[in-house]
Amino acid sequence: MASNKYIKIRLKGYDHRLLDESSKKIIDAVKDTEAKVSGPIPLPNKRTVYSVIRSPHKYSYSMEQFEKIVHKRVIYIYNASSDTVTKLLKVNIPAGVSVDIKA
């Protein structure tokens with residue numbers, strides 16, 4: 001790859017501890033090669049709130065609220081070689097973490 005090219009790895013998940021562990025595994029795998037790593041960069045969380053009526057008939061003004069928070073991290077890898085890509089593919093990422101890789 002050319003020196004001005006980079007690989008962008010985007011991690012998403014509901015548990016921020018799993019994201020931090022996954023990003024540490026990725027960084028450790030890439031540091032063995034000659035590639036430079038920038039990150040993990042935390043992105044703003046996406047918070048979604050759902051309001052559900054507790055009773056459909058009587059006391060319909062009583063509501064329960066649930067929230068879902070999606071945590072995100074970005075890792076940039078510069079000067080990546082084919083060895084870097086093979087090591088990236090061998091990294092074991094736990095369930096619950098979504099990984100998007102763009103070159």
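Modeller: Buried here means under 20% relative accessible area, exposed means over 50%, and partly exposed lies in between. The model is a predicted one.

Biologist: What percentage of the 103 residues in the protein is buried?

Modeller: The cut-off for buried is under 20% relative accessible area. Counted over the 103 residues of this predicted model, the buried share is 24%.

Biologist: Which pattern of helices and strands does the protein follow along the sequence?

Modeller: The protein contains 2 helices and 4 strands. Read along the sequence, their order is β-α-β-β-α-β.

Biologist: Is the protein compact or spread out, and what is its radius of gyration?

Modeller: The C-alpha atoms fill a box of roughly 65 × 25 × 15 Å along the principal axes. With 2 helices and 4 strands, the protein has 103 residues, for which the globule rule gives 13 Å. The protein is well over that value, so it is more spread out than a compact globule, with a radius of gyration of 19 Å.

Biologist: Of the contacts with a separation of 6 or more, what share comes from residues 24 or more positions apart?

Modeller: A contact means heavy atoms within 4.5 Å. Among the contacts with a separation of 6 or more, residues 24 or more positions apart account for 74%.

Biologist: Which residues form a nonpolar patch on the surface?

Modeller: One member is in strand S3, residues 63–78: Phe 66. Phe 66 counts as partly exposed because its relative accessibility is 43%. The patch has about 280 Å² of accessible area together, and its members are Tyr 50, Val 52 and Phe 66.

Biologist: Which residue meets Arg 47 in a salt bridge?

Modeller: The structure holds 5 salt bridges. In this one, the N to O distance is 2.7 Å, and the partner of Arg 47 is Glu 67. The pair links distant parts of the chain, 20 residues apart, with Arg 47 in strand S2 and its partner in strand S3.

Biologist: Why are Lys 24 and Asp 28 separated by about one helical turn?

Modeller: The side chains of Lys 24 and Asp 28 meet in a salt bridge, at 3.5 Å from N to O. Lys 24 is exposed, with a relative accessible area of 53%, and Asp 28 is partly exposed at 39%. The separation is about one helical turn because the two are 4 residues apart in helix H1.

Biologist: How far apart are the closest N and O atoms of Asp 15 and Arg 17?

Modeller: Asp 15 is partly exposed, with a relative accessible area of 27%, and Arg 17 is exposed at 55%. A salt bridge needs the nitrogen within 4 Å of the carboxyl oxygen. This pair forms one, and its closest N and O atoms are apart by 3.6 Å.

Biologist: Is Arg 73 buried or exposed?

Modeller: Arg 73 is found in strand S3. Beyond residues up to four places away in sequence, it touches others including Ile 9, Leu 11, Leu 19 and Ile 41. Its side chain also makes a polar contact with that of Asp 20, at 3.3 Å. The relative accessibility of Arg 73 is 11%, so it counts as buried.

Biologist: With which side chain does the side chain of Thr 33 make a polar contact?

Modeller: Thr 33 is in the loop between helix H1 (16–31) and strand S2 (36–53). It counts as buried because its relative accessibility is 10%. Residues up to four places away aside, Thr 33 touches Asp 83, Thr 84 and Lys 87. The polar contact, at 3.1 Å, is with the side chain of Thr 84.

Biologist: What distance separates the C-alpha atoms of Pro 94 and Glu 21?

Modeller: Pro 94 lies in the loop between helix H2 (82–89) and strand S4 (97–102), and is partly exposed at 24% relative accessibility. Leaving out residues up to four places away in sequence, it touches Leu 18, Ser 22 and Lys 25. Pro 94 and Glu 21 are 73 residues apart along the chain, and their C-alpha atoms are separated by 9.1 Å.

Definitions and conventions: Residues are numbered from 1 along each chain as its sequence is written. This is a predicted model: local features need pLDDT of at least 70, side-chain atom pairs count only at pLDDT 80 or more; totals for chains, interfaces and linings use all residues. Side-chain values use heavy atoms; hydrogens and water are left out. Patches are made of residues with over 30% relative accessible area and no salt bridge: like charges are joined within 9 Å, nonpolar side chains (Val, Leu, Ile, Met, Phe, Trp, Tyr) within 5 Å. Accessible areas come from the Shrake-Rupley method with a 1.4 Å probe; for residues, only the protein chains shown count as cover. Buried means under 20% relative accessible area, exposed over 50%, partly exposed in between (1.4 Å probe, protein chains only). A polar contact is a pair of N or O atoms within 3.5 Å; within protein, one must be able to donate a hydrogen and the other to accept it, and residues adjacent in sequence count only if both atoms are side-chain atoms. The radius of gyration is taken over C-alpha atoms; the globule rule is 2.2 Å times the number of residues to the power 0.38.
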